[in-house]
Amino acid sequence: MEQELNLLKENLAMELKNCHKEADVLNVKSKYVGKKSRISEIMATLKDMSSDDKRKYGSLINNTKKELETMVNDYLDNLASGSVATFDDTIMYDVTSGSLHPVTIIAKEVTDALKKMGFTIVSGPEMDSEFYNFEALNIPKDHPARDMQDTYYLDNGKLLRTHTSGVQVRAMEKYGAPLRICVPGRVFRNEDLDASHENTFFQLEGMVIDKNISIENLVGVMQELLREVFKSDVKVRLRPGFFPFTEPSYELDCSCLICGGKGCPTCKNSGWIELIPGGMVHPNVLRAGGIDPEIYNGFAFGLGLTRLAMMKYKINDIRVLNSGDIRYLENFKID
Ligand code: DAH
């Protein structure tokens, strides 16, 4: 009996994972907890059981039914709020030209490299709340840091996420510590468009929470990552930076691969491209995620996937990436 009940839970979990629409979940719901479901059949046999068996199995069966219902309802809630899910829908496939979009290729390379280092890929909603996008990240209302990210606020009180950092707190809430996640995804800002600014672009958030994490761990992960992606050692430099959600914060720049460091419009003639800001996760952010900063610490970083794709493929104008111009995008037929 116990085995069968456990199997029901396992099977339900497996089927839910494949549900991406409410209707799919409702089908699975009726199969697992509906009138004709196996658990209902088992419940119907209760009344004919000996009183010994009733005592033995009664609460087990009832609890299992409740657990199955909770699993379905939680899944429905998550689907509705678009909360943390495993990553499979954010990657952008350029189906029209039959080739992968350059940002997709980079996203895959970066996530493959991080997976080798033990990171799990997760995703979060593109339409998010002010809480996850700002407040939980130690950016209260009226904080000047909000001005750095010109935000699209929506009529329904939500916003289009300005960065993937909002998934930090969602992931901590969902998985607790220790944690090693990366979050590739689309983000939105009300930018004036030029060769290096778009209103829609891609980032990849990374976060490691554990005991005794240091900035050395972070630098090691960054170097390994860039080595894997560029297949060679890329010149980088670290500068102090400021982000409300990390303390200390830094900016990691790499030498501009488009002009070789000489200066061009993409690197604003500086020879360097700001590539991976990051730092040690601020205690307030850990607390917002329900993690005790006295026990755990960690680092986070936000990699510009779009920018990285431009570096790697020597694309000198960001606007082409969202242009849908197949003649251009077809140049990136890789494998
Ligand atoms: N979210 C920041 C941005 O979009 C980038 C960032 C900075 C992410 C520091 C981080 C971090 O995780 O630690 O500008």
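A residue is called buried when its relative accessible area is under 20%, exposed when that area is over 50%, and partly exposed when the value falls in between. With these words in hand we can walk through the structure above, which is a predicted model. K268, for example, has a relative accessible area of 59%, and because this value is over 50% the residue counts as exposed. K268 sits in the loop between β10 and β11, and its phi is near 50 degrees, a positive value in a residue other than glycine.

Let us step back to the whole chain before returning to such details. The protein chain has 335 residues, of which 47% are buried, and its secondary structure comes to 11 helices and 12 strands. Along its principal axes, the C-alpha trace spans about 85 × 50 × 45 Å.

Strand β11, which covers residues 272-281, is mostly covered, since seven of its 10 residues are buried. There is also a link from β11 to strand β12 (residues 297-304), for these two run antiparallel and are joined by three bridges, and here G278 stands opposite F301 of β12. Strand β10 contains P248, and the peptide bond that leads from E247 to P248 is cis, with omega near -5 degrees.

The loop between β10 and β11 also contains L257, which is partly exposed because its relative accessible area is 26%. The C-alpha atoms of L257 and L154 are separated by 37 Å, while along the chain the two residues are 103 residues apart.

P178 belongs to the loop between α7 (166-175) and β7 (179-188).

We can now turn to charged side chains. Side chains of opposite charge can pair when their charged atoms come close. In this model the count comes to 20 salt bridges. One of them joins K9 and E67, whose closest N and O atoms are 2.9 Å apart; this pair links distant parts of the chain, as K9 is in helix α1 (residues 2-17) and E67 is in helix α4 (residues 51-81), 58 residues apart. E67 counts as partly exposed because its relative accessibility is 37%.

Another salt bridge is formed by the side chains of R239 and E274, with 4.0 Å from N to O. R239 lies in strand β9 (residues 236-243) and E274 in strand β11, so this pair ties together parts of the chain that are 35 residues apart in sequence. Both ends count as partly exposed, R239 at 30% relative accessibility and E274 at 42%.

Which residue does D112 meet in a salt bridge? The partner is K115, and the distance from N to O is 3.9 Å. An α-helix has 3.6 residues a turn, so residues three or four places apart point the same way. D112 and K115 are three residues apart in helix α5 (residues 102-116), and therefore they are separated by about one helical turn. D112 is partly exposed at 29%, and K115 is partly exposed at 45%.

Salt bridges can also be connected to one another, as they are in the network that links E130, E135, K141 and R146. D142 has a positive phi of about 75 degrees although it is not a glycine. D142 is placed in the loop between α6 and β6, and it counts as exposed because its relative accessibility is 75%. The loop between α6 (130-133) and β6 (159-160) holds D150 as well, which is partly exposed at 42%. Together with D147, D192 and D194, D150 forms a negative surface patch.

Our last stop is helix α10 (residues 305-313), which is mostly covered, with seven of its nine residues buried. The buried residues of α10 are L305, T306, L308, A309, M310, M311 and Y313. After α10 comes K314, which has a positive phi near 55 degrees.

Notes:
Residues are numbered from 1 along each chain as its sequence is written. This is a predicted model: local features need pLDDT of at least 70, side-chain atom pairs count only at pLDDT 80 or more; totals for chains, interfaces and linings use all residues. Side-chain values use heavy atoms; hydrogens and water are left out. Patches are made of residues with over 30% relative accessible area and no salt bridge: like charges are joined within 9 Å, nonpolar side chains (Val, Leu, Ile, Met, Phe, Trp, Tyr) within 5 Å. Accessible areas come from the Shrake-Rupley method with a 1.4 Å probe; for residues, only the protein chains shown count as cover. Lys and Arg count as positive and Asp and Glu as negative; His and the chain ends are not counted. The place of a charge is taken as NZ of Lys, CZ of Arg, CG of Asp or CD of Glu. Helices (H or I, at least four residues) and strands (E, at least two) are DSSP runs, numbered from the N terminus. Buried means under 20% relative accessible area, exposed over 50%, partly exposed in between (1.4 Å probe, protein chains only). Two strands pair if DSSP finds at least two bridges between them.
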